Amino acid sequence: MIDRTAVATEINERGYCVLEACYHEEECRQIRAIMDRLCEQKGGLSPNTSYIGLVPFLQLAPEMAPFFGRPDLVETFAEVLQDAPRLAHSGASVTNEYANPFIISWHTHYQWEVPPDGLNRQQPERIFCNVYVDGSTPEIGQLILIPRRLNDPIDQPCSDRRADWPGQVNVVAPPGSAVIFDSALWHTGKRGTKPGLRHLFGGEYQRWHDLRPHPEDNISESPALAQYKRDLPALRRLIDGP
Ligand SMILES: O=C(O)CCC(=O)C(=O)O
Ligand SMILES: [Fe+2]
């Protein structure tokens with residue numbers, strides 16, 4: 001069972017929280033199969049194509065609905081955001097061993113103006129939930145981040161966005177782990193040392209009553225998804241509101 005209060009506290013105190021093996025082995029197998037099929041449709045991974053993005057993921061794969069519409073996760077997001085969560089973005093990526101050593105260079109996803117006297121938030125307004133289907137390890141590839149307290153400055157702490165940074169945490173987590181983090185967190189993704197595919201999917205969740213647009217916002221809509229929304233109240237709440 002997820003300790004929602006502990007998750008919210010961790011995110012406020014260090015910017016992220018790891019839910020180890022939140023998706024079990026059989027679920028990970030199904031998720032990989034969904035992602036691999038979509039990658040094949042896009043021509044597949046190869047030495048020349050080391051990264052395939054699948055965005056909006058729920059649009060491309062409505063059968064991911066049960067993996068997004070998990071009541072325990074949705075309630076956890078609500079606790080962290082202190083508001084009903086809105087699924088503002090769904091996405092996924094698959095990479096292979098030919099990817100850049102920094103699959104993605106250091107960045108945050110905070111896109112809003114910071115008041116002149118600094119952040120003064122009661123909670124994050126937008127969070128990520130990234131699922132490391134194959135785990136986060138030096139072999140598979142790793143999420144690397146700089147821990148932060150809720151209202152720490154967002155300024156870039158180091159100049160080289162493709163280098164190791166002092167204070168970085170190399171997240172180690174088993175397959176199926178979810179990492180929930182504040183959009184203000186500095187992070188990067190590194191390629192693994194072992195050949196093979198790295199599957200990653202996730203969502204961005206914004207406070208329902210925070211109507212500010214964000215450049216990464218995307219929408220998924222289809223008859224199949226409409227049916228899933230009828231069957232999964234937690235998914236419906238994420239998309240259509242409380
Ligand atoms: O590859 C990773 O672990 C990081 C992915 C990332 O930066 C993101 O999902 O925004
Ligand atoms: Fe990111």
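1. Two strands are taken to pair if DSSP finds at least two bridges between them. The note below applies this to a predicted model. Strand β4 and strand β9 (residues 186-191) meet that condition, pairing in the antiparallel sense over three bridges. Within this pair, histidine 107 stands opposite histidine 187 in β9.

2. The pair belongs to an open sheet of four strands, ordered β4-β9-β6-β7, with antiparallel pairing. Its edges are formed by β4 (102-107) and β7 (169-170), each of which pairs on one side only. In general, the strands of a sheet pair through backbone hydrogen bonds, in either a parallel or an antiparallel manner.

3. Helix α1 (residues 4-14) has Val7, Ala8 and Ile11 as its buried residues. Viewed down the helix axis, these fall within an arc of 95°, and they therefore line one face of α1. Thr5 and Ala6, on the other side of α1, are exposed. Just after the helix, glycine 15 adopts a positive phi of about 90°.

4. Which elements cover the buried residues of α1? The cover includes β1 (16-19), α5 (71-81) and β8 (177-182).

5. The largest nonpolar core contains 61 residues, of which Ile127, Val179 and Ile180 touch the most other members. Helix α5 supplies the largest share of this core, six residues.

Definitions and conventions. Residues are numbered from 1 along each chain as its sequence is written. Chains are lettered from A and ligands numbered from 1 in the order in which they are written. This is a predicted model: local features need pLDDT of at least 70, side-chain atom pairs count only at pLDDT 80 or more; totals for chains, interfaces and linings use all residues. A residue is buried if 20 or more other C-beta atoms lie within 10 Å of its own, exposed if 12 or fewer, and partly exposed in between; C-beta atoms are placed from the backbone. Helices (H or I, at least four residues) and strands (E, at least two) are DSSP runs, numbered from the N terminus. The arc is that of the directions from the helix axis to the C-beta atoms. Two residues are in contact if their C-beta atoms, placed from the backbone, lie within 7 Å. A nonpolar core is a set of buried Ala, Val, Leu, Ile, Met, Phe, Trp, Tyr and Cys residues joined through C-beta atoms within 7 Å.
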